[in-house]
Amino acid sequence: MKWLLNWGWMLLYVIVLAVSVLLITAGNRDPIEENQSDKITLTFRHFWTKEHDRPMLSIFEDVVADYQKHHPNVKVNFEGMDQTTHREQQLKSEMVTGTPPDMFVLFGGAEIEPYVRANRLMDLSQFVQDRGLQGQFRDLQLWTFDGRVYGLPIEGNAEPLYYNKTIFESLDLDPPSTLTELDHVIQVLRDNGYIPFALGNEDRWPAAIFAHYLMDRYAGPELIQALSQGEEGYDFRNDKYLQAYEHLADWVEAGAFSSSANGYTTEEAIAQFTTGRAAMYLNGNWDINLFRRSGVMDDSALSFQEEVGVIPFPGMRLGAMRSVAGGYTIGIGLSSNLDDAKKEAALDLLEGFYTKEIQSRIVYEGLRLPSIKLSFDPEKTGPVFAQVITLMEQSTQSFVPYDNILSPEVKRSFLKGVKEMIGSQLDAKEALKELQHSSTFYWNQRRSSLPFKNSGGATNGVDGREVQGDSG
(Lines give C-alpha, C1' and ligand atoms only; values in the text may rest on other atoms or scores of the structure.)
Protein backbone atom coordinates (compact mmCIF):
# COMPACT_ATOMS: atom_id res chain seq x y z
CA MET A 1 0.00 0.00 0.00
CA LYS A 2 2.86 2.37 0.77
CA TRP A 3 4.38 1.55 -2.60
CA LEU A 4 1.08 2.32 -4.33
CA LEU A 5 0.79 5.65 -2.57
CA ASN A 6 4.36 6.66 -3.51
CA TRP A 7 4.24 5.53 -7.12
CA GLY A 8 0.59 6.30 -7.72
CA TRP A 9 1.13 9.98 -7.50
CA MET A 10 4.03 9.68 -9.93
CA LEU A 11 1.93 7.63 -12.35
CA LEU A 12 -0.88 10.16 -12.14
CA TYR A 13 1.61 12.94 -12.83
CA VAL A 14 2.89 11.12 -15.93
CA ILE A 15 -0.63 10.58 -17.20
CA VAL A 16 -1.60 14.24 -16.66
CA LEU A 17 1.63 15.37 -18.35
CA ALA A 18 1.00 13.10 -21.33
CA VAL A 19 -2.56 14.30 -21.73
CA SER A 20 -1.40 17.91 -21.50
CA VAL A 21 1.18 17.35 -24.23
CA LEU A 22 -1.44 15.76 -26.45
CA LEU A 23 -3.83 18.64 -25.88
CA ILE A 24 -1.16 21.25 -26.55
CA THR A 25 -0.05 19.42 -29.69
CA ALA A 26 -3.62 19.15 -30.86
CA GLY A 27 -4.18 22.78 -30.00
CA ASN A 28 -1.15 23.80 -31.99
CA ARG A 29 -2.14 21.67 -34.95
CA ASP A 30 -5.74 22.88 -35.24
CA PRO A 31 -4.89 26.56 -35.91
CA ILE A 32 -2.31 25.51 -38.52
CA GLU A 33 -4.87 23.44 -40.36
CA GLU A 34 -7.43 26.23 -40.03
CA ASN A 35 -4.99 28.80 -41.43
CA GLN A 36 -4.27 26.54 -44.36
CA SER A 37 -7.98 26.14 -45.07
CA ASP A 38 -8.43 29.92 -44.90
CA LYS A 39 -6.08 30.46 -47.82
CA ILE A 40 -8.17 31.66 -50.77
CA THR A 41 -7.26 32.05 -54.43
CA LEU A 42 -9.42 34.25 -56.65
CA THR A 43 -9.18 34.19 -60.43
CA PHE A 44 -9.89 37.55 -62.06
CA ARG A 45 -9.74 37.89 -65.85
CA HIS A 46 -9.63 41.27 -67.57
CA PHE A 47 -9.17 42.35 -71.19
CA TRP A 48 -7.14 45.51 -70.72
CA THR A 49 -4.40 44.28 -73.01
CA LYS A 50 -4.30 47.08 -75.62
CA GLU A 51 -2.13 50.17 -75.49
CA HIS A 52 -5.09 52.45 -74.84
CA ASP A 53 -6.04 50.23 -71.88
CA ARG A 54 -2.78 50.70 -69.99
CA PRO A 55 -4.07 53.46 -67.67
CA MET A 56 -7.08 51.31 -66.69
CA LEU A 57 -4.87 48.27 -66.17
CA SER A 58 -2.57 50.25 -63.90
CA ILE A 59 -5.52 51.44 -61.78
CA PHE A 60 -6.90 47.91 -61.40
CA GLU A 61 -3.49 46.46 -60.59
CA ASP A 62 -3.17 49.01 -57.78
CA VAL A 63 -6.58 48.05 -56.37
CA VAL A 64 -5.69 44.35 -56.45
CA ALA A 65 -2.27 44.95 -54.87
CA ASP A 66 -3.78 47.04 -52.08
CA TYR A 67 -6.45 44.43 -51.46
CA GLN A 68 -3.90 41.62 -51.18
CA LYS A 69 -1.80 43.73 -48.80
CA HIS A 70 -4.74 44.01 -46.42
CA HIS A 71 -5.95 40.45 -47.03
CA PRO A 72 -2.80 38.29 -46.81
CA ASN A 73 -4.90 35.12 -46.86
CA VAL A 74 -6.16 35.92 -50.38
CA LYS A 75 -4.18 35.52 -53.58
CA VAL A 76 -5.66 37.16 -56.70
CA ASN A 77 -4.64 35.72 -60.04
CA PHE A 78 -5.25 38.88 -62.10
CA GLU A 79 -4.69 37.91 -65.72
CA GLY A 80 -5.44 39.55 -69.05
CA MET A 81 -6.77 38.03 -72.26
CA ASP A 82 -7.52 39.51 -75.67
CA GLN A 83 -11.01 40.98 -75.56
CA THR A 84 -12.38 39.11 -78.57
CA THR A 85 -10.98 35.79 -77.40
CA HIS A 86 -12.37 36.32 -73.90
CA ARG A 87 -15.83 37.45 -74.94
CA GLU A 88 -16.52 35.36 -78.00
CA GLN A 89 -14.67 32.14 -77.23
CA GLN A 90 -13.25 31.49 -73.77
CA LEU A 91 -15.98 32.89 -71.53
CA LYS A 92 -18.78 31.40 -73.63
CA SER A 93 -17.19 27.96 -73.38
CA GLU A 94 -16.68 28.35 -69.64
CA MET A 95 -20.27 29.44 -69.13
CA VAL A 96 -21.48 26.29 -70.88
CA THR A 97 -19.40 24.08 -68.61
CA GLY A 98 -19.99 26.19 -65.50
CA THR A 99 -16.30 26.92 -65.01
CA PRO A 100 -15.84 30.68 -65.52
CA PRO A 101 -13.24 32.67 -63.59
CA ASP A 102 -14.34 33.84 -60.15
CA MET A 103 -14.40 37.46 -61.37
CA PHE A 104 -14.25 38.82 -64.91
CA VAL A 105 -14.69 41.95 -67.01
CA LEU A 106 -17.54 41.78 -69.49
CA PHE A 107 -20.13 43.81 -71.42
CA GLY A 108 -23.66 44.29 -70.14
CA GLY A 109 -26.87 44.17 -72.13
CA ALA A 110 -27.74 41.39 -74.53
CA GLU A 111 -24.33 39.78 -74.17
CA ILE A 112 -24.87 38.74 -70.55
CA GLU A 113 -28.56 37.83 -70.85
CA PRO A 114 -27.81 34.17 -71.74
CA TYR A 115 -25.51 33.94 -68.71
CA VAL A 116 -28.26 35.32 -66.49
CA ARG A 117 -30.80 32.87 -67.87
CA ALA A 118 -28.36 30.01 -67.28
CA ASN A 119 -27.79 31.20 -63.69
CA ARG A 120 -24.05 31.63 -64.27
CA LEU A 121 -23.77 35.21 -62.94
CA MET A 122 -23.98 36.13 -59.27
CA ASP A 123 -26.93 38.32 -58.27
CA LEU A 124 -25.33 41.49 -56.85
CA SER A 125 -28.55 43.22 -55.79
CA GLN A 126 -28.01 42.59 -52.07
CA PHE A 127 -24.34 43.58 -52.36
CA VAL A 128 -25.33 46.97 -53.80
CA GLN A 129 -27.64 47.57 -50.86
CA ASP A 130 -25.34 46.24 -48.13
CA ARG A 131 -22.29 48.21 -49.29
CA GLY A 132 -24.08 51.55 -49.50
CA LEU A 133 -24.02 51.68 -53.31
CA GLN A 134 -27.77 51.95 -53.81
CA GLY A 135 -28.45 55.01 -55.96
CA GLN A 136 -24.74 55.68 -56.46
CA PHE A 137 -24.47 54.36 -60.03
CA ARG A 138 -25.21 56.59 -62.98
CA ASP A 139 -26.94 53.79 -64.88
CA LEU A 140 -27.48 50.08 -64.18
CA GLN A 141 -29.85 49.51 -67.08
CA LEU A 142 -27.57 47.18 -69.03
CA TRP A 143 -26.90 45.10 -65.93
CA THR A 144 -30.44 44.65 -64.66
CA PHE A 145 -32.76 41.75 -65.52
CA ASP A 146 -36.10 41.12 -63.84
CA GLY A 147 -35.23 43.80 -61.33
CA ARG A 148 -32.02 42.05 -60.22
CA VAL A 149 -28.46 43.30 -60.79
CA TYR A 150 -26.00 40.82 -62.34
CA GLY A 151 -22.91 42.95 -62.82
CA LEU A 152 -21.67 46.45 -62.13
CA PRO A 153 -20.38 48.96 -64.70
CA ILE A 154 -16.85 50.13 -64.05
CA GLU A 155 -16.71 53.02 -66.52
CA GLY A 156 -18.76 54.99 -69.01
CA ASN A 157 -18.00 56.04 -72.55
CA ALA A 158 -19.18 58.05 -75.51
CA GLU A 159 -18.53 57.75 -79.25
CA PRO A 160 -18.22 61.23 -80.76
CA LEU A 161 -16.68 62.33 -84.04
CA TYR A 162 -13.18 63.81 -83.74
CA TYR A 163 -11.83 66.07 -86.45
CA ASN A 164 -8.58 67.91 -87.16
CA LYS A 165 -9.39 71.60 -86.87
CA THR A 166 -6.19 72.63 -88.64
CA ILE A 167 -6.98 70.56 -91.73
CA PHE A 168 -10.58 71.74 -91.81
CA GLU A 169 -9.53 75.38 -91.54
CA SER A 170 -6.92 75.01 -94.25
CA LEU A 171 -9.60 73.69 -96.63
CA ASP A 172 -12.22 76.20 -95.47
CA LEU A 173 -14.44 73.38 -94.16
CA ASP A 174 -16.93 73.74 -91.34
CA PRO A 175 -17.62 70.85 -88.97
CA PRO A 176 -20.53 68.95 -90.58
CA SER A 177 -23.94 69.09 -88.92
CA THR A 178 -25.82 66.99 -91.48
CA LEU A 179 -25.04 63.86 -93.49
CA THR A 180 -25.17 65.93 -96.69
CA GLU A 181 -22.53 68.26 -95.27
CA LEU A 182 -20.46 65.24 -94.24
CA ASP A 183 -20.67 63.86 -97.79
CA HIS A 184 -19.26 67.17 -99.02
CA VAL A 185 -16.47 67.11 -96.43
CA ILE A 186 -15.48 63.58 -97.47
CA GLN A 187 -15.25 64.59 -101.11
CA VAL A 188 -13.17 67.72 -100.43
CA LEU A 189 -10.79 65.78 -98.21
CA ARG A 190 -10.31 63.09 -100.85
CA ASP A 191 -9.74 65.67 -103.55
CA ASN A 192 -6.99 67.18 -101.42
CA GLY A 193 -5.17 63.94 -100.66
CA TYR A 194 -6.47 63.24 -97.17
CA ILE A 195 -8.04 60.05 -95.85
CA PRO A 196 -11.41 61.28 -94.61
CA PHE A 197 -11.85 58.71 -91.78
CA ALA A 198 -9.07 56.93 -89.94
CA LEU A 199 -10.38 53.41 -89.37
CA GLY A 200 -8.69 50.37 -87.86
CA ASN A 201 -11.18 47.53 -88.17
CA GLU A 202 -9.02 44.58 -87.25
CA ASP A 203 -11.34 43.82 -84.32
CA ARG A 204 -14.48 44.31 -86.52
CA TRP A 205 -16.49 46.49 -84.14
CA PRO A 206 -14.97 49.94 -85.02
CA ALA A 207 -16.62 49.96 -88.47
CA ALA A 208 -19.93 49.03 -86.86
CA ILE A 209 -19.94 52.47 -85.20
CA PHE A 210 -20.46 54.05 -88.65
CA ALA A 211 -23.26 51.56 -89.37
CA HIS A 212 -25.18 52.07 -86.15
CA TYR A 213 -24.99 55.85 -86.45
CA LEU A 214 -26.34 55.75 -90.00
CA MET A 215 -29.06 53.28 -88.97
CA ASP A 216 -30.02 55.53 -86.07
CA ARG A 217 -30.09 58.65 -88.23
CA TYR A 218 -32.22 57.09 -90.96
CA ALA A 219 -34.62 55.06 -88.80
CA GLY A 220 -34.49 56.48 -85.27
CA PRO A 221 -34.11 54.49 -82.04
CA GLU A 222 -37.41 52.61 -81.90
CA LEU A 223 -36.76 50.19 -84.77
CA ILE A 224 -33.58 48.67 -83.38
CA GLN A 225 -35.31 48.18 -80.02
CA ALA A 226 -38.09 46.21 -81.64
CA LEU A 227 -35.62 44.12 -83.64
CA SER A 228 -33.37 43.49 -80.65
CA GLN A 229 -36.37 42.14 -78.74
CA GLY A 230 -37.53 39.94 -81.62
CA GLU A 231 -40.91 41.62 -81.95
CA GLU A 232 -43.13 40.18 -84.67
CA GLY A 233 -43.51 42.12 -87.91
CA TYR A 234 -40.09 43.80 -87.86
CA ASP A 235 -37.31 43.04 -90.33
CA PHE A 236 -33.76 44.29 -90.83
CA ARG A 237 -34.49 44.37 -94.55
CA ASN A 238 -36.48 47.60 -94.37
CA ASP A 239 -36.18 50.73 -96.51
CA LYS A 240 -34.61 52.87 -93.78
CA TYR A 241 -31.83 50.44 -92.99
CA LEU A 242 -31.26 49.82 -96.68
CA GLN A 243 -30.74 53.55 -97.21
CA ALA A 244 -28.34 53.63 -94.26
CA TYR A 245 -26.31 50.68 -95.55
CA GLU A 246 -26.26 52.11 -99.07
CA HIS A 247 -24.97 55.40 -97.65
CA LEU A 248 -22.13 53.48 -96.00
CA ALA A 249 -21.44 51.69 -99.28
CA ASP A 250 -21.28 55.06 -101.05
CA TRP A 251 -18.63 56.21 -98.56
CA VAL A 252 -16.59 53.09 -99.20
CA GLU A 253 -16.77 53.68 -102.95
CA ALA A 254 -15.87 57.37 -102.50
CA GLY A 255 -12.71 56.44 -100.61
CA ALA A 256 -13.83 57.61 -97.17
CA PHE A 257 -11.70 54.86 -95.61
CA SER A 258 -8.30 53.43 -96.37
CA SER A 259 -8.51 50.41 -98.65
CA SER A 260 -6.66 48.43 -95.97
CA ALA A 261 -8.89 49.57 -93.08
CA ASN A 262 -10.01 46.03 -92.22
CA GLY A 263 -6.41 45.04 -91.57
CA TYR A 264 -5.40 48.05 -89.49
CA THR A 265 -5.22 48.06 -85.72
CA THR A 266 -6.65 50.84 -83.61
CA GLU A 267 -3.14 52.16 -83.03
CA GLU A 268 -2.41 52.28 -86.76
CA ALA A 269 -5.63 54.14 -87.46
CA ILE A 270 -4.94 56.68 -84.74
CA ALA A 271 -1.46 57.18 -86.15
CA GLN A 272 -3.11 58.23 -89.43
CA PHE A 273 -5.16 60.77 -87.49
CA THR A 274 -2.40 62.15 -85.28
CA THR A 275 0.07 62.53 -88.16
CA GLY A 276 -2.42 64.45 -90.28
CA ARG A 277 -2.92 61.80 -92.97
CA ALA A 278 -6.55 61.36 -91.92
CA ALA A 279 -8.81 64.26 -91.00
CA MET A 280 -11.50 62.55 -88.88
CA TYR A 281 -11.76 59.71 -86.40
CA LEU A 282 -14.95 58.08 -85.07
CA ASN A 283 -14.59 56.03 -81.91
CA GLY A 284 -14.92 56.10 -78.14
CA ASN A 285 -13.35 58.44 -75.63
CA TRP A 286 -11.19 55.53 -74.45
CA ASP A 287 -8.87 56.25 -77.39
CA ILE A 288 -8.11 59.83 -76.37
CA ASN A 289 -5.02 58.80 -74.44
CA LEU A 290 -3.55 57.69 -77.79
CA PHE A 291 -3.95 61.14 -79.35
CA ARG A 292 -0.27 61.86 -79.16
CA ARG A 293 2.68 62.01 -81.50
CA SER A 294 6.00 60.19 -81.28
CA GLY A 295 4.67 57.66 -78.77
CA VAL A 296 5.03 59.77 -75.61
CA MET A 297 2.76 62.25 -73.90
CA ASP A 298 4.82 65.40 -74.34
CA ASP A 299 4.35 68.99 -75.52
CA SER A 300 3.71 67.82 -79.09
CA ALA A 301 0.89 65.60 -77.83
CA LEU A 302 -0.76 68.49 -76.03
CA SER A 303 -0.28 70.63 -79.13
CA PHE A 304 -2.07 68.05 -81.25
CA GLN A 305 -4.90 67.74 -78.74
CA GLU A 306 -5.46 71.46 -79.18
CA GLU A 307 -6.02 70.74 -82.89
CA VAL A 308 -8.80 68.22 -82.24
CA GLY A 309 -12.45 69.21 -82.33
CA VAL A 310 -15.25 67.02 -80.94
CA ILE A 311 -18.77 66.97 -82.39
CA PRO A 312 -21.74 64.59 -82.41
CA PHE A 313 -22.20 62.43 -85.48
CA PRO A 314 -24.15 64.50 -88.08
CA GLY A 315 -27.92 64.25 -88.31
CA MET A 316 -30.23 63.80 -91.27
CA ARG A 317 -31.06 67.49 -91.56
CA LEU A 318 -30.35 70.81 -89.89
CA GLY A 319 -31.88 70.99 -86.46
CA ALA A 320 -32.42 67.22 -86.26
CA MET A 321 -31.60 65.49 -83.01
CA ARG A 322 -28.00 64.25 -82.96
CA SER A 323 -27.90 61.62 -80.24
CA VAL A 324 -24.56 60.22 -79.12
CA ALA A 325 -23.82 56.52 -78.95
CA GLY A 326 -22.58 55.41 -75.57
CA GLY A 327 -23.50 53.86 -72.29
CA TYR A 328 -22.21 52.11 -69.21
CA THR A 329 -21.42 48.94 -71.06
CA ILE A 330 -18.18 47.64 -69.51
CA GLY A 331 -18.31 46.17 -66.05
CA ILE A 332 -17.44 43.33 -63.71
CA GLY A 333 -19.32 40.12 -63.13
CA LEU A 334 -18.87 37.31 -60.61
CA SER A 335 -19.41 33.60 -61.02
CA SER A 336 -22.55 32.32 -59.31
CA ASN A 337 -20.86 29.14 -58.08
CA LEU A 338 -18.46 30.66 -55.52
CA ASP A 339 -18.43 29.10 -52.07
CA ASP A 340 -19.06 31.35 -49.07
CA ALA A 341 -15.40 32.14 -48.39
CA LYS A 342 -14.62 32.99 -52.00
CA LYS A 343 -17.83 34.97 -52.36
CA GLU A 344 -16.99 37.13 -49.36
CA ALA A 345 -13.45 37.73 -50.61
CA ALA A 346 -14.61 38.52 -54.15
CA LEU A 347 -17.24 40.98 -52.94
CA ASP A 348 -14.71 42.74 -50.73
CA LEU A 349 -12.39 43.12 -53.71
CA LEU A 350 -15.27 44.26 -55.93
CA GLU A 351 -16.15 47.02 -53.49
CA GLY A 352 -12.66 48.47 -53.88
CA PHE A 353 -13.33 49.47 -57.49
CA TYR A 354 -16.24 51.76 -56.60
CA THR A 355 -14.65 54.23 -54.22
CA LYS A 356 -14.49 57.91 -55.10
CA GLU A 357 -10.69 57.72 -55.18
CA ILE A 358 -10.59 54.92 -57.76
CA GLN A 359 -13.42 56.36 -59.85
CA SER A 360 -11.60 59.71 -59.89
CA ARG A 361 -8.48 57.98 -61.17
CA ILE A 362 -10.60 56.37 -63.90
CA VAL A 363 -11.55 59.90 -65.00
CA TYR A 364 -8.20 61.67 -64.76
CA GLU A 365 -5.88 58.82 -65.68
CA GLY A 366 -8.06 56.59 -67.83
CA LEU A 367 -10.07 59.40 -69.47
CA ARG A 368 -13.25 57.39 -68.96
CA LEU A 369 -16.55 58.53 -67.56
CA PRO A 370 -17.09 57.39 -63.95
CA SER A 371 -19.76 54.75 -63.37
CA ILE A 372 -20.76 56.23 -60.01
CA LYS A 373 -22.09 59.71 -59.40
CA LEU A 374 -18.97 61.78 -58.96
CA SER A 375 -18.07 65.40 -59.58
CA PHE A 376 -14.81 66.08 -61.38
CA ASP A 377 -12.98 68.93 -63.08
CA PRO A 378 -12.94 68.70 -66.90
CA GLU A 379 -10.15 71.29 -66.95
CA LYS A 380 -7.81 68.67 -65.53
CA THR A 381 -8.57 65.98 -68.09
CA GLY A 382 -7.04 67.58 -71.17
CA PRO A 383 -8.72 69.55 -73.97
CA VAL A 384 -10.21 66.63 -75.94
CA PHE A 385 -11.83 64.85 -73.02
CA ALA A 386 -13.10 68.20 -71.73
CA GLN A 387 -14.89 68.64 -75.07
CA VAL A 388 -16.39 65.15 -74.75
CA ILE A 389 -17.72 66.01 -71.30
CA THR A 390 -19.23 69.25 -72.62
CA LEU A 391 -20.77 67.37 -75.53
CA MET A 392 -22.36 64.83 -73.21
CA GLU A 393 -23.67 67.54 -70.89
CA GLN A 394 -25.30 69.29 -73.84
CA SER A 395 -26.67 66.12 -75.39
CA THR A 396 -30.27 65.36 -74.50
CA GLN A 397 -30.37 61.90 -76.07
CA SER A 398 -28.08 58.94 -76.37
CA PHE A 399 -28.36 55.33 -77.44
CA VAL A 400 -26.58 52.11 -76.64
CA PRO A 401 -24.27 50.92 -79.44
CA TYR A 402 -26.05 48.31 -81.49
CA ASP A 403 -23.49 45.60 -80.90
CA ASN A 404 -24.37 45.85 -77.19
CA ILE A 405 -28.12 45.44 -77.61
CA LEU A 406 -28.15 42.72 -80.26
CA SER A 407 -27.82 39.14 -79.10
CA PRO A 408 -24.29 37.73 -79.52
CA GLU A 409 -25.44 35.54 -82.41
CA VAL A 410 -27.05 38.43 -84.31
CA LYS A 411 -24.20 40.79 -83.41
CA ARG A 412 -21.74 38.42 -85.03
CA SER A 413 -23.64 38.72 -88.32
CA PHE A 414 -23.89 42.50 -87.91
CA LEU A 415 -20.13 42.93 -87.47
CA LYS A 416 -19.29 40.47 -90.24
CA GLY A 417 -21.58 42.15 -92.75
CA VAL A 418 -20.25 45.64 -92.07
CA LYS A 419 -16.66 44.44 -92.27
CA GLU A 420 -17.30 42.85 -95.65
CA MET A 421 -18.96 46.04 -96.86
CA ILE A 422 -15.89 48.04 -95.81
CA GLY A 423 -13.82 45.57 -97.84
CA SER A 424 -16.19 45.90 -100.85
CA GLN A 425 -17.00 42.19 -100.57
CA LEU A 426 -20.72 42.54 -99.85
CA ASP A 427 -23.45 44.94 -100.93
CA ALA A 428 -26.05 46.55 -98.70
CA LYS A 429 -28.93 44.24 -99.57
CA GLU A 430 -26.93 41.06 -98.99
CA ALA A 431 -25.56 42.35 -95.69
CA LEU A 432 -29.06 43.06 -94.39
CA LYS A 433 -30.33 39.76 -95.75
CA GLU A 434 -27.69 37.85 -93.79
CA LEU A 435 -28.41 39.94 -90.71
CA GLN A 436 -32.11 39.16 -90.86
CA HIS A 437 -31.38 35.48 -91.41
CA SER A 438 -29.31 35.40 -88.21
CA SER A 439 -32.03 37.24 -86.32
CA THR A 440 -34.78 34.89 -87.52
CA PHE A 441 -32.74 31.83 -86.60
CA TYR A 442 -31.89 33.20 -83.16
CA TRP A 443 -35.45 34.15 -82.22
CA ASN A 444 -36.85 30.85 -83.48
CA GLN A 445 -34.39 29.14 -81.18
CA ARG A 446 -35.27 31.43 -78.27
CA ARG A 447 -38.99 30.93 -78.65
CA SER A 448 -38.56 27.18 -78.61
CA SER A 449 -36.86 27.38 -75.22
CA LEU A 450 -38.15 28.53 -71.85
CA PRO A 451 -39.21 32.19 -71.80
CA PHE A 452 -37.18 34.78 -69.96
CA LYS A 453 -38.41 38.24 -69.13
CA ASN A 454 -35.78 40.85 -69.99
CA SER A 455 -35.73 43.88 -67.73
CA GLY A 456 -34.01 46.30 -69.99
CA GLY A 457 -30.57 44.97 -70.77
CA ALA A 458 -31.36 45.58 -74.40
CA THR A 459 -33.43 48.69 -74.15
CA ASN A 460 -32.84 52.21 -75.29
CA GLY A 461 -31.20 55.28 -73.91
CA VAL A 462 -28.37 55.65 -71.43
CA ASP A 463 -28.51 58.50 -69.03
CA GLY A 464 -25.01 59.70 -68.43
CA ARG A 465 -22.90 58.48 -71.15
CA GLU A 466 -20.77 55.93 -71.85
CA VAL A 467 -18.02 53.93 -71.40
CA GLN A 468 -16.25 51.52 -72.96
CA GLY A 469 -12.92 50.80 -73.58
CA ASP A 470 -14.06 49.01 -76.60
CA SER A 471 -17.40 48.92 -78.09
CA GLY A 472 -17.99 45.42 -78.90
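Two strands are taken to pair if DSSP finds at least two bridges between them. On that basis, five strands of this predicted model form an open sheet in the order β2-β1-β3-β13-β6, with mixed pairing. A second open sheet holds four strands in the order β14-β7-β12-β15, also with mixed pairing. The structure holds 20 salt bridges, and one patch of negative charge on the surface gathers E246, D250, E253, D427 and E430.

**Basis of the values**

- Because the model is predicted, local features need pLDDT of at least 70 and side-chain atom pairs count only at pLDDT 80 or more, whereas totals for chains, interfaces and linings use all residues. Residues are numbered from 1 along each chain as its sequence is written, and side-chain values use heavy atoms, with hydrogens and water left out.
- Helices (H or I, at least four residues) and strands (E, at least two) are DSSP runs numbered from the N terminus.
- Buried stands for under 20% relative accessible area, exposed for over 50%, and partly exposed for the range in between (1.4 Å probe, protein chains only).

- The edge strands are β2 (74–80) and β6 (152–153), each of which pairs on one side only.
- Strand β1 (residues 40–46) runs parallel to β3, and two bridges join them.
- R45 has F104 in β3 as its bridge partner.

- Strand β7 (residues 155–159) is mostly covered, with five of its five residues buried.
- In a regular strand the side chains alternate between the two faces of the sheet.
- In β7, E155, N157 and E159 point one way and G156 and A158 the other way, and all are buried.
- Two bridges join β7 to strand β14 (residues 369–370), and the two strands run antiparallel; here E155 stands opposite P370.
- Three bridges join β7 to strand β12 (residues 324–327), again antiparallel; here E159 stands opposite A325.
- Strand β12 is joined to β15 by two bridges, and these strands run parallel; A325 stands opposite F399 in β15.

**Salt bridges**

- A salt bridge is a side-chain nitrogen of Lys or Arg within 4 Å of a carboxyl oxygen of Asp or Glu.
- The side chains of E111 and R87 meet in a salt bridge with an N to O distance of 2.4 Å. E111 lies in the loop between β3 (103–107) and α4 (113–117) and R87 in helix α3 (residues 83–97), so the pair ties together parts that are 24 residues apart in sequence. Both E111 and R87 are buried.
- R368 and E155 also meet through their side chains in a salt bridge, at 2.9 Å, N to O. R368 lies in the loop between α14 (356–364) and β14, while E155 belongs to strand β7, so this pair ties together parts that are 213 residues apart in sequence. R368 and E155 are both buried.
- D216 forms a salt bridge with R217, the closest N and O atoms being 2.7 Å apart. D216 is buried, with a relative accessible area of 8%, and R217 counts as buried at 7%.
- Salt bridges that share partners join D53, E155 and R368 into one network.

**The negative surface patch**

- Patches are made of residues with over 30% relative accessible area and no salt bridge; like charges are joined within 9 Å, and nonpolar side chains (Val, Leu, Ile, Met, Phe, Trp, Tyr) within 5 Å.
- Asp and Glu count as negative and Lys and Arg as positive, with His and the chain ends not counted.
- Helix α10 (residues 239–254) supplies the largest share of the negative patch, three residues.
- E430, one of the patch residues, lies in helix α18 (residues 428–447). E430 is partly exposed, with a relative accessible area of 33%.

**An exposed loop glycine**

- G193 is placed in the loop between α7 (179–191) and β9 (195–198).
- With a relative accessible area of 64%, G193 is exposed.
- The C-alpha atoms of G193 and R277 are separated by 8.3 Å, although these residues are 84 residues apart along the chain.

Technical notes:
Areas by Shrake-Rupley, 256 points an atom, 1.4 Å probe, with all protein chains shown as cover. Charge placed at Lys NZ, Arg CZ, Asp CG, Glu CD.
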